[in-house]
Each structure stands twice: as C-alpha cells, then as structure tokens.
Amino acid sequence: MNSINDIWASIMEVLAQKLTPTSINTWFTDCTPIDLRDGTLVIHTPTEFKRGILQQRFADVIKEALKELFSCDFELDILAGDELDDYVSDDATDQNALPEMDDYTFDNFIVGKCNEFAYAAAQGVVKSPGSKVYNPLFIYGNSGLGKTHLLCAIGTAIHENQPEAKIAFIKGEEFTNQMVRSIKEGTADEFRQKYRGVDLFLVDDIQFIAGKEATQEEFFHTFNSIYEAGHQIVITSDRPPIDMLRLDDRLRTRFEGGLMADVQPPDVETRMAIIRNKAGHLGMNLSDDIVSYIAQKLTSNVRQIEGVINRLTAFREITGEAISRDMVDSAIGVVIRDGVYVPTPETIIAETARYYQVTPEEIQGISRQKNIATARHITAYLIRNLTNLSLPMIGTFLHRDHATVLSSVRKIEGSIKTDKDLSATIRDITSNINSRQR
Ligand code: ADP
Ligand code: MG
C-alpha cells in the first residue's frame, strides 16, 4: 500500500463498515484524496457545503480509520472548491454534483408537536430563502433533538433546488478555529471573503462563539454582509439568544431579529414514530409492546433512542432472537446511567483539548503553561463528574496520582462558584462531549 489512492481505498473500506451506503454515496463519491504527509491527510470535496458536513460528521471516523490502518494519529485537512488549485491545477471536479438522498432530510424527519414549528420554518426557508420572515432562522433546543438534522435538510434541499447556490455549513467552534488559524497564517483576508459571499450560511451550534471577542466581531461582520445581500442565514444553538450570557448584545439583537423556533423533547407518540422509523430503516420490525416500552424508557433525546436501536440491531444479528424487554434494558444499560450517556475519559480529554486548542498529550503531560494547566484541571473535574470512575482510575487516564487529580477537582469546584466564565466554559465543553455520544 503506497500511493495515496491505495490508502484512500483502504480508508473507504473501513468507512464502508461504519457508514450507510447512502452516506458514502452522498458525501464520499466526489471526494478525492490529495496528499498524505507530515501526519496530515488532505482530501478535496467540490463544495463548501460538503466540506462543512465532512468536517462536522465524518472527520472523526476518517481519523479513526487512519488510526486503524497506521496505528498513529493523523490530522485531516479538507479542501473545498477551487482551493484545490493550490495543490494541483488540472484535476477537474464536478462542482454541481447533486447530492443524493442522505440520512438528514425532511423526508426522514418525524414531525410532532415538539418540532412542528421548527420543521415548518425550515421548509419556509427552502421555499423562499432570504425572505425577511425567516432571516435569520434561529433553531434552538437541547442536544439530540434534531437541530443539526433540520439544518442539513435545509442545505440539501436548497442544493437540490439551486445546484449553483453557494452554501456554507460550519460549526460555531470551527468558525473560531478557522479564524484563529487564518490569523496565524496571515490569511485573514481570505477567511473574511470566504463566508461573506455565500447564498446560504448554515451555522451549527453557534453557542460556542459566545464569549470569544474576536470571533464574535468577525461573525458580526460576516452576518451583516450576508444579510444585507439578502441571502439566507440559519443558525442552531443549544439555548435561545437570551440565555447565551456571554453573547455580544449586537449579535443577540441580530439573532432575535429573524424567526426563532425551538425544538422540544418528543412526546410519546412522536417517540414511537421515531423508533418505528429508525428500526424500519435498519430492517428491524419491532412489536408494538417493544416500541412503547422503549418510548417509555427514553424520553428526552432522539440521539439516545437511535443509539439503543442500533444496539438492538446488533443484538439481533448476534443472537438471531426476537427483541425482548430484557434486551431493551441491557441495550439501554450499556450506554446510559441515570438517563444520561456516560462518556469515555478519552472523549472528555479530547473535547477539553479541542476547546483549549491543545493536544490530549499536553493535557497528560507536564507543561505548566496556563491554558494547558487549566485544561488539565477541567478534564479531571469533568471525568470525575460525568463518569463513575474512581480517583486512581482517573489518574491513570491523566498520568497523575489520585491526590493530584483530587486537587484539580477541588480547584475547579472552588472557582466555579464565583467564576461565571469558567462555569460557562465547562457547560460548553460538557455539551460538546454530549453531542459526541452516539
Ligand atoms: P441536535 O443537533 O439537536 O443535537 P441532531 O440533529 O444531531 O440533534 O439529532 C440527533 C439524532 O437524532 C440524529 O441522528 C437525527 O437524525 C435524529 N433525530 C432527531 N430528531 C429527529 C426526528 N424528529 N425525526 C427523525 N430523526 C431525528
Ligand atoms: Mg447538533
């Protein structure tokens, strides 16, 4: 295995085991491997929209696949559109490829009282993008209730209606990262231009830009130029603007100036419909009793419902038996404690590192640099609070003894009471960790 194409073929084999054929078709068929060097895999996708989706939904699986193949960590760099010209000049790509049906469409979104307004608003945007009524559309609600699903459905539908429309999809946090990187690399002007000229700007999890001064400033100008050009902006957040304590007032006013739509946890009928739909999708026919049993047990998060259905499918494949209530209980037990997912220490370390833009190794290492030390204390605190691991066990993940772990936990517990920024940061990281759970 030596050429980049061979490597990519092997990655695709690994991905084929983890993703649905539709996902592969939609997002990877027009994806081209470009380069693998200095621990970074560079790939290219035709549109900014697809880059956003690849980054948001598939970057981690691709990195895992690389790790399976090479047993070491790689970075992933995704080029979009004509950025490829910097690498090669003659490799033509189809800019106007229509995406096929993907997992996140309006068709497979189950509508109930809990989300009918957000669903209708999202469809309104597709019908008349840029219309004053829906601009910006701000969708908010807790994790796992379909915000990203609706955002992607809007992007896919508009792309189908207007293949030439320039669509950008980006996570709030990634906007920050790209901006910081562009400043470091002296490409701030290009970064600025990149988003200001789009027809549809889809921003997922905007809450992560709150409290970051330079990012909010840049976002404000981006927002204004897209809005003033009469183009459409859709934003999601885990809370309404009024509850984003560290959000600039001028952004808050902008966000509240369009249409706000919330998504609520699904009622029992909607949950049953979602369970039937997901199970059907996986070729599994559940009895009414089992459907309503799952619907009674899992009440607050569709992502959890999906996780359990996936696990039940695996059970059935392994045992060949019909699904029983016991199987449901154990499927739930594997992933949930007191109604919430239990994240792994690795996820907690990775998410805290990402938030502070340091590496997991730095968190486990000995540097006393301020942001690394803070990230380390927060990691200890979060592992302590989100898992039921003992102090010595936590120590093994952080390469520390139990007393040092305890002192980190205490330090954060002490500061969190008075330090509003710290508690908001911890809430942001926790919500990142939760949105990684599947
Ligand atoms: P959020 O962005 O609000 O955290 P997501 O959009 O990522 O949530 O949804 C989590 C998972 O649940 C996704 O796989 C999504 O397809 C599914 N989901 C959420 N709401 C619905 C719904 N109403 N119908 C079908 N699937 C849903
Ligand atoms: Mg989301």
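Is Asp205 buried or exposed in this predicted model? Asp205 is buried, because its relative accessible area is 11%, and buried means under 20%, exposed over 50%, partly exposed in between (1.4 Å probe, protein chains only).

Two notes on reading come before the rest. Residues are numbered from 1 along each chain as its sequence is written, while chains are lettered from A and ligands numbered from 1 in the order in which they are written. The model is predicted, so local features need pLDDT of at least 70, side-chain atom pairs count only at pLDDT 80 or more, and totals for chains, interfaces and linings use all residues; side-chain values use heavy atoms, with hydrogens and water left out.

## The chain as a whole

The chain has 19 helices and ten strands. Helices (H or I, at least four residues) and strands (E, at least two) are DSSP runs, numbered from the N terminus.

The chain has 438 residues and a radius of gyration of 22 Å, which agrees with the value near 22 Å for a compact globule. That radius is taken over C-alpha atoms, and the globule rule is 2.2 Å times the number of residues to the power 0.38. Along its principal axes, the C-alpha trace spans about 55 × 55 × 55 Å.

Of the 438 residues, 51% are buried. The chain exposes about 20,300 Å², and carbon and sulfur atoms supply 49% of that area. Accessible areas come from the Shrake-Rupley method with a 1.4 Å probe; for residues, only the protein chains shown count as cover.

## Around ligand 1

How many residues surround ligand 1? The shell holds 19 residues, and the closest are Gly144, Lys147, Thr148, His149 and Glu306. A residue is near a molecule or strand if one of its heavy atoms lies within 4 Å of it.

The shell divides into six nonpolar, eight polar and five charged residues. Here Ala, Val, Leu, Ile, Met, Phe, Trp, Tyr, Cys and Pro count as nonpolar, Asp, Glu, Lys and Arg as charged, and the others, Gly among them, as polar. Three helices each supply at least two shell residues: H5 (147-161), H10 (268-281) and H12 (302-319).

Some side chains make polar contacts with the ligand. A polar contact is a pair of N or O atoms within 3.5 Å; within protein, one must be able to donate a hydrogen and the other to accept it, and residues adjacent in sequence count only if both atoms are side-chain atoms.

| Side chain | Atom of ligand 1 | Distance |
|---|---|---|
| Lys278 | nitrogen | 3.1 Å |
| Arg303 | oxygen | 2.9 Å |
| Glu306 | oxygen | 2.7 Å |

On its own, ligand 1 has 550 Å² of accessible area, and the protein covers 96% of it.

## Backbone features

Most residues other than glycine have a negative phi, and most peptide bonds are trans. Some places in this chain depart from that.

Asp205, not a glycine, has a positive phi of about 55°. Asp205 sits in the loop between strand E6 (200-204) and helix H8 (213-228). Gln357 also has a positive phi, near 55°. Its loop runs between helix H14 (345-356) and helix H15 (360-364). Gln357 counts as partly exposed, because its relative accessibility is 42%.

The peptide bond from Asn135 to Pro136 is cis, with omega near -5°. Pro136 lies in the loop between H4 and strand E4 (137-140).

Asn115 is in the loop between strand E3 (75-80) and helix H4 (116-127). Asn115 counts as buried, because its relative accessibility is 6%. Its side chain reaches the backbone oxygen of Ile110 at 3.1 Å. Beyond its neighbours within four places in sequence, Asn115 is in contact with Phe109, Ile110 and Val263.

Leu36 belongs to strand E1 (residues 32-37). At a relative accessible area of 25%, Leu36 is partly exposed. Its contacts, leaving aside neighbours within four places in sequence, are Ile4, Ile7, Leu41, Phe70 and Phe74. Leu36 and Trp8 are 28 residues apart in sequence, and their C-alpha atoms are 9.8 Å apart in space.

Ala120 is in helix H4. Ala120 counts as partly exposed at 42% relative accessibility. Gly197 is 77 residues from Ala120 along the chain, and 27 Å separates their C-alpha atoms.

Conventions:
Contact means heavy atoms within 4.5 Å.
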